[in-house]
Amino acid sequence: MASKKMEALGSVVAAALGDKLVRSTLALDELTIVCKASDLLSVAQTLRDHADLAFEQCIDVCGMDYSAYRDEPWDGPRFAAVYHLLSVKLNHRIRLRVFAEDDAFPVLPSVNGIWNAANWFEREAFDLYGIVFEGHPDLRRLLTDYGFVGHPFRKDFPLSGHVEMRYDPTQQRVIYQPVTIEPREITPRIIREESYGG
């Protein structure tokens, strides 16, 4: 059951955002709101600057791939960015989810100008999910190598990857080559003892 504080926060958010609020969900005493990508910057600005909201801190931004959400077919946009926001002044939290409209080339506006803590979080979501944050001052890979092909947290990315790197002693440098991992069948090892179990 949701607390009165979270229900009141949901009412204030609904009043402040108006028709820019697509959906609001209150579950496990946590408020999650959804807005359109085209409204993200104005929604973020309102969440930060409204006196009764005051979400002055962005704790985290994470990418999401909903292509196989809960092991069921997903009906809707595939990629989203989820923003976790904190109001230190008013002691409440909120989760803001924004879906990218194009699954082939997911693009969202950068909130780096509103919360500068989002800088590296947006780079991480770009690197691992391929979500492009328009207007980001330095959008480049953060966790994978510059020559890395693909985005490893996408659900259609192969577990073994596309290329592997190794040190070549003849060339005296690190080289890239196609993955050479052979799929193998795992057969359980059976140990039989004559006096086993009796």
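1. Cys 35 is buried, at 4% relative accessible area (buried means under 20%, exposed over 50%, partly exposed in between, with a 1.4 Å probe and protein chains only). Its sulfur lies 13 Å from the closest cysteine sulfur, that of Cys 58, which is too far for a bond.

2. Cys 58 also counts as buried, with a relative accessibility of 4%. Cys 58 takes part in no disulfide, and its nearest cysteine sulfur, in Cys 62, is 9.7 Å away. Over the whole structure the search gives 0 disulfides, a disulfide being a pair of cysteine sulfur atoms within 2.5 Å.

3. On the basis of these values: this is a predicted model, in which local features need pLDDT of at least 70 and side-chain atom pairs count only at pLDDT 80 or more, while totals for chains, interfaces and linings use all residues. Residues are numbered from 1 along each chain as its sequence is written, and side-chain values use heavy atoms, without hydrogens or water.

4. Helix H1 spans residues 4–17, 14 residues in all (helices, H or I, of at least four residues and strands, E, of at least two are DSSP runs, numbered from the N terminus). From first C-alpha to last, H1 reaches 20 Å, close to the 20 Å expected at 1.5 Å a residue (1.5 Å times one less than the number of residues). After H1 comes Gly 18, with a positive phi near 60 degrees.

5. Met 6, Leu 9, Gly 10, Val 13 and Leu 17 are the buried residues of H1. They lie on the same side of H1 because their arc around the axis is only 100 degrees (taken from the directions from the helix axis to the C-beta atoms). Lys 4 and Ala 15, on the other side, are exposed.

6. The buried residues of H1 pack against strands E1 (21–27), E2 (30–35) and E5 (92–99) and helix H2 (40–49), where contact means heavy atoms within 4.5 Å.
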